Amino acid sequence: MKVFDLAQPMRRGMPQSPNHPAYTHSLVRRHGDMVRAGGGSAANDILVMGTHVGTHVDALAHVSQDGLLHGGVVAADVQSDAGFARLGIDEFAPFVGRGVFLDVAKVHGVEILPPGYEVTADDLTAAAGDLPINPGDAVLIGTGWSRRFGDGQAFLGTAEGVPGPGEAAARWLVNRKVAVTGAETIAYERIAPGAGHASLPVHRILLVEAGVNIVETMLLSELADAGVTEFQFILAPLKLVGATGSPVRPLAVVQ
């Protein structure tokens with residue numbers, strides 16, 4: 001059995017969307033600040049961060065369309081300064097089931113898709129090949145972009161854009177009734193050069209229309225390098241009541 005850790009490391013200064021509070025980690029008590037009788041000492045720290053920083057899962061409450069959340073829930077009726085009474089990340093049950101990795105970069109014979117490339121339904125079909133996509137599966141889409149995580153500006157793609165699924169690819173996933181889907185960029189979907197996050201139609205299709213949770217900023221290059229396409233997928237967000245998302249450490253287990 002081999003376990004692939006699909007989470008990017010979290011540290012100060014890591015690339016993230018400017019729309020969310022930055023990740024801050026500080027050691028607030030160091031060894032020696034307080035020494036117990038007998039010489040023992042403990043250190044502890046504090047984290048301040050948004051829920052959509054690093055590898056994370058979007059709750060269905062994260063995006064609305066015309067004031068409505070998934071299932072026609074009126075966003076204004078369920079939101080407060082304490083979060084969401086409905087569709088928060090605490091309603092996401094831990095996922096343990098079949099995972100499928102669709103390596104679109106490999107389909108095109110490259111390690112990393114070009115900035116701003118739109119992953120199409122045909123790309124997903126080609127990447128799947130003879131591998132079935134079953135209702136309830138988790139489908140992870142490989143663009144190679146996690147290889148750029150160490151280069152903050154290139155990873156963000158502010159000027160050049162980032163690769164990711166377009167609307168047709170999102171509907172391909174919805175038609176196959178996937179339970180959850182993930183990708184390597186901070187926005188999951190394709191971002192056009194210079195466009196930023198002004199429009200996120202794939203989020204609307206998946207979160208609002210179909211109720212499919214999205215995992216973002218995943219580390220998928222190791223699956224690509226190992227040629228893994230099918231595995232047991234484990235995904236358990238923190239149980240943050242009413243939150244719009246949660247950090248997560250997804251695992252792919254290969255027998």
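1. V3 sits opposite V253, a residue of β15. The two strands involved are β1 and β15 (residues 251-254), which run antiparallel and share four bridges. Pairing here requires at least two bridges found by DSSP between two strands. Strands are DSSP runs of E with at least two residues, helices are runs of H or I with at least four, and both are numbered from the N terminus.

2. The model is predicted: local features need pLDDT of at least 70, side-chain atom pairs count only at pLDDT 80 or more, and totals for chains, interfaces and linings use all residues. Residues are numbered from 1 along each chain as its sequence is written, and side-chain values use heavy atoms, with hydrogens and water left out.

3. β1 and β15 belong to an open sheet of nine strands. The order is β1-β15-β13-β7-β9-β11-β12-β4-β14, and the pairing is mixed. The edges are β1 (2-5) and β14 (245-247); each has a single partner strand, so one side of each lacks a neighbour in the sheet. On average, neighbouring strands are turned by 25° against each other, direction ignored. Such angles run from 0 to 180 degrees between N-to-C directions, and axes are lines fitted to C-alpha atoms, for helices over the stretch in contact.

4. Helix α6 (residues 201-210) packs on this sheet. It touches β4 (56-58), β11 (180-182) and β12 (213-216). The direction of α6 makes about 135° with that of β12. Contact means heavy atoms within 4.5 Å.

5. Look next at β7 (residues 95-103). Eight of its nine residues are buried. Buried means under 20% relative accessible area, exposed means over 50%, and partly exposed lies in between (1.4 Å probe, protein chains only). β7 has β13 (residues 230-235) as an antiparallel partner, with six bridges. V100 has E230 of β13 as its bridge partner. β7 also pairs with β9 (residues 138-142), this time in the parallel sense and over five bridges. In that pairing V100 stands opposite V139, and L102 has I141 as its bridge partner.

6. How many residues of β9 are buried? Five of its five are. In a regular strand, side chains alternate between the two faces of the sheet. Both faces of β9 are covered. A138, L140 and G142 are buried on one side, V139 and I141 on the other. β9 continues the parallel pairing with β11, over three bridges. There, L140 is bridged to G182.

7. Now the helices. The axes of α3 (residues 121-128) and α5 (residues 167-175) come within 7 Å and cross at roughly 50°. Angles under 35 degrees count as roughly parallel, over 145 as roughly antiparallel, 65 to 115 as roughly perpendicular, and the rest as oblique. A121, L124 and T125 of α3 meet A168, A169, W172 and L173 of α5. Six of these contact residues are nonpolar, one is polar and none is charged. In this classification Ala, Val, Leu, Ile, Met, Phe, Trp, Tyr, Cys and Pro are nonpolar; Asp, Glu, Lys and Arg are charged; the others, Gly among them, are polar.

8. α5 also meets α6. Their axes come within 8 Å and cross at roughly 25°. That makes α5 roughly parallel to α6. From α5, the contact uses E167, A170, R171 and V174. From α6, it uses P201, V202, R204, I205, L206, E209 and A210. These residues divide into seven nonpolar, no polar and four charged.

9. Is α6 enclosed or open? Seven of its 10 residues are buried, so α6 is largely enclosed by the rest of the structure. The buried ones are P201, V202, H203, I205, L206, L207 and V208. They pack against β4, β10 (164-165), α5, β11 and β12. After α6 comes G211, with a positive phi near 70°.

10. T185 lies between β11 and α6. Is T185 buried or exposed? Its relative accessibility is 2%, so T185 counts as buried. Neighbours within four places in sequence aside, T185 contacts W145, F155, V162, P163, E216 and T217.
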